[in-house]
Amino acid sequence: MKNIIFISPPAAGKGTQSQMISEKYNIPHISMGSILRNEIKNFSEIGKRIKEEMTLGSLIEDSTIVELLIKRISNKDCEKGYILDGFPRNINQAYIYDKLLDKDNKKIDYIFYLNLDKEEAYKRIIGRLTCNDCQTVYNDMFENTKPKKIGICDKCNGLLIKRKDDSVKIFEKRYQTYLEETEPLIDYYRHQNNYYEIDSGLSKEYTFKQITNIIDNGDLND
Ligand SMILES: [Zn+2]
């Protein structure tokens, strides 16, 4: 069984790694965000409840989140395992999830903590620029991904723009939420023998190599 979860600060590459693992091992990548968006889009009972909670500006209840998750992982495509992206987000969710797995005689097989320091996360998000015409992505805070001319696309001379959600204020808020809610999961899981700390500060290839070494050989080296 390959039942995988991540603990990840913003910009550590959780979504990308989930996708790469999903392709290599042929197990589904379950993004909590897209499950929520789908429920809202389909006007399901839960979807209406989520929308209501969101409109009220409150956080979605952990029990609602777990209810949706149970529904999704009982699908046949999850028999050999699955990768959770965006769950658990806090200790309460982790606790409910553990109890639920326990009831079914199941467990989490791999807990990957993608370690990335705040300064690197900041640069990855705040430096990001996208070409308005060809959508090529640049980052002006790293030498090797900087455009040759400031604000201009190397490929098509299009204008490079920053997305609204890449602003400093939104970054600080996201990071703060991570510190308060998600980072405590490290203490919750770190003493289990299926907890692995992965260095996510280099490249996505290097991060992926560490993860596959653990899944294939059970250790971090080679
Ligand atoms: Zn371009």
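Reader: Starting with N105, what is its relative accessible area, and is it buried or exposed?
Author: On this scale, buried means under 20% relative accessible area, exposed over 50%, and partly exposed in between, using a 1.4 Å probe and protein chains only. N105 falls in the exposed class because its relative accessible area is 74%.

Reader: What sort of model am I looking at?
Author: Residues are numbered from 1 along each chain as its sequence is written, and side-chain values use heavy atoms, with hydrogens and water left out. Local features need pLDDT of at least 70, side-chain atom pairs count only at pLDDT 80 or more, and totals for chains, interfaces and linings use all residues, since this is a predicted model.

Reader: Where does N105 sit, and what is its phi?
Author: N105 lies in the loop between helix 5 and strand 4 (110-115); helices (H or I, at least four residues) and strands (E, at least two) are DSSP runs, numbered from the N terminus. N105 is a residue other than glycine, yet its phi is positive, near 60°.

Reader: What is the phi of A11?
Author: Look in the loop between strand 1 (2-7) and helix 1 for A11. A11 counts as partly exposed because its relative accessibility is 24%. A11 is not a glycine, but its phi is positive, about 70°.

Reader: Which peptide bond is cis?
Author: Check the loop between strand 3 (81-85) and helix 5 (91-103), where P88 is found. With omega near -10°, the cis bond is the one from F87 to P88.

Reader: Which arrangement do the donor atoms around the zinc ion have?
Author: Donors here are N, O and S atoms within 2.8 Å of the metal (3.2 Å for Na, K and Ca), and water is not among the atoms, so sites may look incomplete. The SG atoms of C131, C134, C153 and C156 coordinate the zinc ion at 2.3 Å. Four donors count as tetrahedral if all angles lie between 85 and 135 degrees. The angles here run from 100 to 115°, so the arrangement is tetrahedral.

Reader: How are helix 1 and helix 9 oriented to each other?
Author: Axes are lines fitted to C-alpha atoms, for helices over the stretch in contact, with angles from 0 to 180 degrees between N-to-C directions. The axes of helix 1 (residues 14-25) and helix 9 (residues 204-217) come within 10 Å and cross at roughly 45°. Angles under 35 degrees count as roughly parallel, over 145 as roughly antiparallel, 65 to 115 as roughly perpendicular and the rest as oblique. Helix 1 and helix 9 are therefore oblique.

Reader: Which residues does T207 touch, leaving out those up to four places away in sequence?
Author: T207 is in helix 9, and it is buried because its relative accessibility is 2%. Contact means heavy atoms within 4.5 Å. On that basis T207 touches Q17, L114, I198, D199 and S200.

Reader: What is the angle between helix 6 and helix 7?
Author: Buried residues of helix 6 (residues 118-126) are E120, A121, R124, I125 and I126, and their cover includes strand 5 (128-131), strand 6 (137-139) and helix 7 (168-182). The axes of helix 6 and helix 7 are 11 Å apart, and the angle is about 140°.

How values were computed:
Four donors count as tetrahedral if all angles lie between 85 and 135 degrees; four count as square planar and six as octahedral if opposite donors are over 155 degrees apart and all others between 65 and 115; anything else is irregular.
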